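Me: I would like to go through this model with you, a few residues and strands at a time. Could we begin once the structure is on screen?

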Amino acid sequence: MTLALIAMPLGLAPALAQHDGHEGHGEAKGQPGLFISQGETWFFKISDGQPADARKGRADEKPGSDEIRVSLSGGMMNVLNGSPVPYNYQAFIAKKASDKGNRTSVCTLLPGVTVFESWPGKLPGIRLANFKDAGDGMICA
């Protein structure tokens, strides 16, 4: 079950770096996408449909004009799309980066809008992958 809430657009400021590459965090090992553990915040760009140039950050930082920020806390995922492109994507609830996980529903990421996805209970982690330009359509799938 997913509950999506959309917040007001926020101002955007650039900030770029590389992620730390520790096993079990960040880029999924053996699986496409980016793995976010409980309590983490990640920033990334999209390249060939997958998260790229990922870096850890703080939940109160704003993403750059070509970045997406995602935070995971409890059963809540907070996503802010700083890029001008609306994205549809896939999310998989997983225990660790190397796990395929179970696909869950998420809603379109609109430019400049914060989306809150919610599930019952505390998630071990979530992997985000397979981003596609949503065009004019908004879906929750």
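Me: Which residue in S10 does Met 76 stand opposite?
Reply: Met 76 stands opposite Ser 118 in S10. This is a predicted model, in which local features need pLDDT of at least 70 and side-chain atom pairs count only at pLDDT 80 or more, while totals for chains, interfaces and linings use all residues. Residues are numbered from 1 along each chain as its sequence is written, and side-chain values use heavy atoms, with hydrogens and water left out.

Me: How many bridges join S7 to S10?
Reply: Five bridges join S7 to S10, and the two run antiparallel. Strands pair if DSSP finds at least two bridges between them. The strands themselves are DSSP runs (E, at least two residues), numbered from the N terminus.

Me: And what about S6 with S7, in which sense do they pair?
Reply: S6 and S7 pair in the antiparallel sense, over six bridges. Within that pairing, Val 79 in S7 is the bridge partner of Val 70. The hairpin of S6 and S7 has two residues between the strands, and Gly 74 there takes a positive phi near 65 degrees.

Me: Is S7 mostly covered or mostly open?
Reply: Strand S7 (residues 76-81) is mostly covered, with five of its six residues buried. Buried means under 20% relative accessible area, exposed means over 50%, and partly exposed lies in between (1.4 Å probe, protein chains only).

Me: Turning to Leu 109, where is its place?
Reply: Leu 109 is in the loop between strand S9 (102-104) and strand S10 (114-118). Its relative accessibility is 1%, so Leu 109 counts as buried.

Me: What is Leu 109 in contact with, neighbours within four places in sequence aside?
Reply: Its contacts (heavy atoms within 4.5 Å) include Val 79, Tyr 87, Val 115 and Phe 131. The C-alpha atom of Leu 109 is also separated by 6.4 Å from that of Asn 88, 21 residues apart along the chain.

Me: Glu 40, buried or exposed?
Reply: Glu 40 counts as buried, at 8% relative accessibility, whereas Lys 56 counts as partly exposed, at 39%.

Me: Which residue does Arg 55 form a salt bridge with?
Reply: Arg 55 forms a salt bridge with Glu 67, the closest N and O atoms being 3.4 Å apart. Arg 55 lies in strand S5 and Glu 67 in the loop between S5 and S6, so this pair ties together parts that are 12 residues apart in sequence. Both Arg 55 and Glu 67 are buried. Arg 55, Glu 61 and Glu 67 are linked in a network of salt bridges.

Me: Last topic, backbone angles. What phi does Asp 48 have?
Reply: Asp 48 has a positive phi of about 50 degrees, although it is not a glycine. Most residues other than glycine have a negative phi. Asp 48 is in the loop between S4 and S5 and counts as exposed, at 81% relative accessibility.

Me: And where is Asn 130 found?
Reply: Asn 130 is found in strand S11 (residues 125-133). Asn 130 has a positive phi of about 60 degrees, and is not a glycine. At 28% relative accessibility, Asn 130 counts as partly exposed.

Technical notes
Helix = DSSP H or I, 4+ residues; strand = E, 2+ residues; numbered from the N terminus. Salt bridge = Lys/Arg side-chain N within 4 Å of Asp/Glu carboxyl O.
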